[in-house]
There are 2 protein chains.
Amino acid sequence: MATETKQVLINGSWRNAELADGKTFQATNPNTNEPLPAVFPVSAWSDCDAALEAAAAAATELRRIPREKIAAFLKDYADRIEAAADTLVEAAFNETGLARSPRLGGVELPRTSNQLRLAAAATVQGDWASAVIDTASGIRSCFESLGPICVFGPNNFPFAFNSVAGGDFAAAIAAGNPVIAKANSSHPETTRLLAEQAFAAAQANGLPAATVQLIYRTGHADGERMVSDPRCGATGYTGSRSAGLALKAAADRSGKPIYLELSSVNPVAITPAALQQRGAEIADEFMTSVLMGTGQFCTNPGMVLLIEDPATETFVSTVTERFAAAPAGTLLSPAVATSLSKSVQILVDAGAERLAGDGKAETDRCAVSNTLLKCSAEQFLTDPETFQTEAFGNASLLVVAKDLDQATSVLDQLEGNLTGCLYTATDDSDEAAYDQLAFALTPRVGRLLNDKMPTGVAVSPAMNHGGPFPATGHPGFTAVGIPAAISRFAKLTSYDNVRDSRLPALLANKNPTGSTWRYVDGNWQQGDVAG
Amino acid sequence: MATETKQVLINGSWRNAELADGKTFQATNPNTNEPLPAVFPVSAWSDCDAALEAAAAAATELRRIPREKIAAFLKDYADRIEAAADTLVEAAFNETGLARSPRLGGVELPRTSNQLRLAAAATVQGDWASAVIDTASGIRSCFESLGPICVFGPNNFPFAFNSVAGGDFAAAIAAGNPVIAKANSSHPETTRLLAEQAFAAAQANGLPAATVQLIYRTGHADGERMVSDPRCGATGYTGSRSAGLALKAAADRSGKPIYLELSSVNPVAITPAALQQRGAEIADEFMTSVLMGTGQFCTNPGMVLLIEDPATETFVSTVTERFAAAPAGTLLSPAVATSLSKSVQILVDAGAERLAGDGKAETDRCAVSNTLLKCSAEQFLTDPETFQTEAFGNASLLVVAKDLDQATSVLDQLEGNLTGCLYTATDDSDEAAYDQLAFALTPRVGRLLNDKMPTGVAVSPAMNHGGPFPATGHPGFTAVGIPAAISRFAKLTSYDNVRDSRLPALLANKNPTGSTWRYVDGNWQQGDVAG
C-alpha cells in the first residue's frame, strides 16, 4: 500500500512522505459518493520540518535572483497549466464535481493562468512594492520578500485558489518568496498535477529547488506548528472558520502574519422601490448568483434582507418557486453536504421557515436540495448570531423587515462580511433609503455592491476580497487583486542614508523599468531621481 | 482624598473615575525619586466601558463629518499645544526628568505639533487612503475609518508618542477615528494637560464629544478586555514587550488589529575598514547616539558588532573611557532604573564583561552609571537569546567577532529589530563585507542605516519605524511617517458598481482636491476620471 501512496514534493524531490501514524486518505468523487482510487499521505511533522528547512534556504537564494527570472517562471507555469488543461480539468471534475465546461475549463483554469501572468508582470513592474523616496531626508522604503509562505487552499476553487496555483500562491511568489503548499484534502490529485507543472517550470527557469513544495495533509497540531515556526514568513489560508481560527491562534502566538479568508453570509438588501421597479429582473440575478456552482462561493448571497411590501411578497413567491424547481447541483464533498444540512437545521431550529428544500443530503451523490429559508427581522434580532450561521452551498435565508429602520437594525447586527449588496431604485427616488442602509452596511463589509450580485470576484487592482473579522483576520488586506494582494507577503524596509549603488533596484535613483511608479517627495512619478 | 484625585475625560466630561478597588497612583519625579503630588485614578471596567460606548457613537458621527473639520481640529490642537508649551514642558520635566531645553521644549514639543499639522494636511489631501479606480470593471477602493482606536503611549516621549497627542493619536484621528487614550503611568499629568488642550480643540471645532477620551490606568485584565472589545476598532501600543504581548494576545483572540512597537536592541555593525578610516569620528557618533536622552530611545544602539582588528581595539578603548567619563543622565522612572540594572545583570551573568559602569541604581534620583559591556561573538553564539536582552537606558553591549563570517553568524541569530546600522569604509574598498553583512541584516530590521546611528526617527513618508516580530507585531507597518502610519487605523473598502453620486469623495470621478493621487487603471494620477 505504501508504495502506491502518492509522493510529496519536498526540497526538489518527489518522495515518499513520512506518514503521521501511518495515515493516508482518499478523496471522494462527489458525483458518485465513491472514494477515488489515488491514495495520499498524511505527513508527519518531519515532512513539514524538512519543507520549512528547504524553504528557508530557498528564500535566501531567491533574494539574489532577478525579478525577471521569477516572472519567467510564473509565465512558463501559466503556459504549462494551459497545455495540461484537459488532464487538470478531468482531475478537478472527478474530485469536485464542478462542471468541466464552462466552469472548470472555460472559466476557472483561464482565470488561474491569467492570475499567474498578472503576477509575473507585477513582479517585474514593481508597483506592488510601493517604493517611497524622500530625497530631503535620504530615506527610501519599499516592500520586500518575507520568507517561506505556507498556503492552505480552499475546497471550492481547485485551480484559482489552489494552494500551489491560485491567488495566494501567485502573490507569494510575486513578492519573491517560496511557497509550501498544503493541498486541500478534497482535491489532492488536482493539486499534485498542478505541483508537477509548477515544479517543472521552476526547474526549467533555474529557480531554487524548494521554491515550490507540496504536502497534502498534516495533523492539526502539525499545521499549527508550521504556521508558527520561526522559519515561516507568513501564511495564506482560505477555508472554514474553525480551522482558520485555530491556525490564526497559533500564528498570532509567535507573531507570524496570517491572512485568512473565512466564512461570510454576504448580505443583499433590496428595497421595495427596487422590487416595484424590476422585481423579476432582480429575482433572475439572485437565482443565477445563489445557485451557480451549487452556491459554493465565498461571496454567495446567503442572506437577503427585504422590507414588507406587495412587491416583496411577489419576489419571495417567485424565488421560492424557482428554488423548488431548479435541479440541485452537486456539492464538492460529503463534508460540504453534511455541513450544509447541519447549518440549515441550525437556522430552522432557530425559527426560520423552510420555503423550499428539505435540507436532506442525497446518498448516491453529494447533494442537498436547494434550500430557501425565511425569517422575520424581529426573529433575526432576537438571536443575530445564530441567524448569521453560514450555510455554505445552495441555500439562502430571506429576512423580512417591517420597515427601513428595522432593516437597518438588522444590518447593525451583522458580523464582518466579504461583501454586502444594496439594490435600490435606478432613479433618484430611493436615495434616503440607500443612504441609511449603506451607512449601516459599509463598515461591516469589504466590498459594497450596488444593483449587482456579489459572486464574481474580478481580479482588479481595486478589488477588496477581504473584510472585517471574522470574514478575514484583518480589515486592511485583500486576497484578490494585483498588486494589492502581493504586499501581504512582504516586509516593509526603509533604507536610510544608503548609497545609490547599494539600494534595491526599485529604490535606486534610476527607475529600474522606466515605468515603475514611485512616491517621490510626495508625488507619484515614473522618472529617475536626481542623484 | 477621592475629591483630589484627578478626573478622567469620558464622553465629553471631566469626571471622577470609578476606581478599581479604590486604587490610585502617583508619578515619581525621577530627579528626586519623590512622588509627585497629583493623585490619579486607576479606572474600573465601568470607565472603559463608558469610554468604548461613547467612542462607538462618536465613530459613527465622525463618518459624516467633513475631513476639513477634522483637519481644523488637528491644527487648532497643534496651536494650543504651542501656546501651552511652558506648562507642558514643566509638567513633562517633573514627570520624566528629560531636559526642558532643548529636548522637551525645543525638540519634542515642536515635533509633536508638527506631526499634528502633517496629519491635518494628510487627512484632507487624501493620499493616505490609497484610492484605486478601475474604470473597466467599475470597481473603486480606498481606506476608510475603522472605529474607536485605543492608544497606549510609552514612557520615553511624553509629547511625541503621547497617547493623546503623539504619532498614533494623530494617525488615528487623521483616519477619521475617535481615540481612547490610556496615559502612560509615568507621566499622567503631562497627558492630562494635553488632553485638556485636545478636548478644547475638539469642542471648538465641533467634533463629537467623545472624539478624544482619557483614562490614566486600568488593571491589566481591563486593558486586555478593552483592546478585544467588539466596539474597539484597533489599538496602537508602544512600550514593554511583556505588556504589549499580553494585549496582543487579547486583541488577536477577537480579531482586532493591534499595532505594537516593542523592544529592539538596534544592532550596529562596524567594519575594521571603517574604524581604520575614521574610528574617532564613529566613536563620537556612537557616544552621542547611545547616551543622548540617557539612552531611552526605541532605536538606541544597544548592541555594537565589531570585528577583531587594531582599529577595533582602539575604538573599544575610546568608548570605554568616554562611557566612564560621561555623567550619567537621569532615567525616566524608578521602574526604568530597576529594569536597566536587572537587564545589565542578565548580560553580565551570561558572561559579558563590564567595561564601564557598576550597574547599580542611585537612590536619590533615577539613575544608573553609564554601562558598557563586552562579549565575544563566540559567547554570543552560545546563547543568542540572552545576549539580545534589551537593556533600555544608558547601556550598550559590544560583541567582538573573530572575522566577517563570525560576525555574519551573529547577525543570522538576531531577532526582529526596528533598526540595523552598518558602518563601512566610505570608498568602495569595503563592498564585499558590506554585501555580506547587509544581506544577513536587512531581513531582520525595519530600517537599514548606513554610516549613521539609529536614533532620530524622521517623520518622513519613507520612514519605517517598524520591523519584524518581536520589534513589532507585523512586518508591514510603520508607526511613524505620514501617510503610511495613518492607514494602519483604517479598513479597506471596495465599491463595486456604485454610482458616482454615492461614492466617497476620494473615489468619485471628480478629484476631490484636484491634487489627490489616485491609482487609475494602473497609473497614479491627480486628475478627474471620465464619467
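## A loop residue with positive phi

Where in chain A does A:Asn33 lie? In this predicted model, A:Asn33 is placed in the loop between strand E4 (28-29) and strand E5 (34-35) of chain A. The phi angle of A:Asn33 is near 60°, which is a positive value in a residue other than glycine, and with a relative accessibility of 26% A:Asn33 counts as partly exposed.

A:Asn497 also has a positive phi, near 65°, and is likewise a residue other than glycine. The loop that holds A:Asn497 runs between strand E22 (490-496) and strand E23 (518-520) of chain A, and the relative accessible area of A:Asn497, 38%, makes this residue partly exposed.

## How the two chains are related

Chain B is superposed on chain A by a rotation of 180° with 0.0 Å of shift along its axis, and the RMSD of this superposition is 0.0 Å. That is the relation of a two-fold axis.

Where the chains meet, 71 residues of chain B are in contact with 70 residues of chain A. Because 99% of the interface residues of chain B are also interface residues in chain A, the copies meet through the same surface. The area buried between chain B and chain A comes to about 5,800 Å², and carbon and sulfur atoms give 52% of that area.

## Salt bridges across the interface

The interface of chain B and chain A holds 12 salt bridges, while the structure as a whole, over all chains, holds 50. One of the salt bridges between the chains joins B:Asp451 to A:Arg499, with the closest N and O atoms 3.6 Å apart.

## Salt bridges within a chain

In chain A, the side chains of A:Arg241 and A:Glu415 form a salt bridge with an N to O distance of 2.9 Å. This pair links distant parts of the chain, since A:Arg241 belongs to helix H8 (residues 241-253) of chain A and A:Glu415 to the loop between helix H14 (404-412) and strand E20 (417-423) of chain A, 174 residues apart. A:Arg241 counts as partly exposed at 29% relative accessibility, and A:Glu415, with a relative accessible area of 27%, is partly exposed as well.

In chain B, B:Asp47 and B:Arg15 meet through their side chains in a salt bridge of 3.2 Å, N to O. Here too the pair links distant parts of the chain, with B:Asp47 in helix H1 (residues 45-62) of chain B and B:Arg15 in strand E2 (residues 13-15) of chain B, 32 residues apart. B:Asp47 has 0% relative accessibility and counts as buried, whereas B:Arg15, at 24%, counts as partly exposed. Another salt bridge of chain B is formed by B:Arg192 and B:Glu196, whose closest N and O atoms are 2.8 Å apart. These two residues are 4 residues apart in helix H6 (residues 188-204) of chain B, so they are separated by about one helical turn. B:Arg192 counts as buried at 12% relative accessibility, and B:Glu196 counts as partly exposed at 33%.

## An enclosed strand in chain B

Strand E16 (residues 303-307) of chain B has 5 of its 5 residues buried, and therefore the strand is largely enclosed by the rest of the structure. Both faces of E16(B) are covered, with buried B:Met303, B:Leu305 and B:Ile307 on one side and buried B:Val304 and B:Leu306 on the other.

E16(B) pairs in the parallel sense with strand E15 (residues 267-270) of chain B over 4 bridges, and within this pairing the bridge partner of B:Ala269 is B:Leu305. From E15(B) the chain crosses through helix H9 (residues 272-291) of chain B to E16(B), in a β-α-β crossover that is right-handed. E16(B) is also joined by 5 bridges to strand E19 (residues 395-401) of chain B, and these two strands run parallel. In E19(B), B:Val399 stands opposite B:Leu305.

## Cis peptide bonds in chain B

The peptide bond from B:Ser101 to B:Pro102 is cis, with omega near 0°, and B:Pro102 lies in helix H4 (residues 100-125) of chain B. B:Phe469 and B:Pro470 are also joined by a cis peptide bond, for which omega is about 5°; B:Pro470 is found in the loop between strand E21 (445-450) and strand E22 (490-496) of chain B.

How values were computed: Residues numbered from 1 in each chain as written. Chains lettered and ligands numbered in written order. Predicted model: local features only at pLDDT ≥ 70, side-chain atom pairs only at ≥ 80, totals over all residues. Heavy atoms only, no water. Least-squares fit on C-alpha atoms with pLDDT ≥ 70 in both. Contact = heavy atoms within 4.5 Å. Buried < 20%, exposed > 50% of the residue type's maximum accessible area, 1.4 Å probe, protein only. Pairing = 2+ DSSP bridges. Right-handed = clockwise from strand over helix to strand, strands pointing away. Buried area = accessible area lost by both parts, 1.4 Å probe. Salt bridge = Lys/Arg side-chain N within 4 Å of Asp/Glu carboxyl O.
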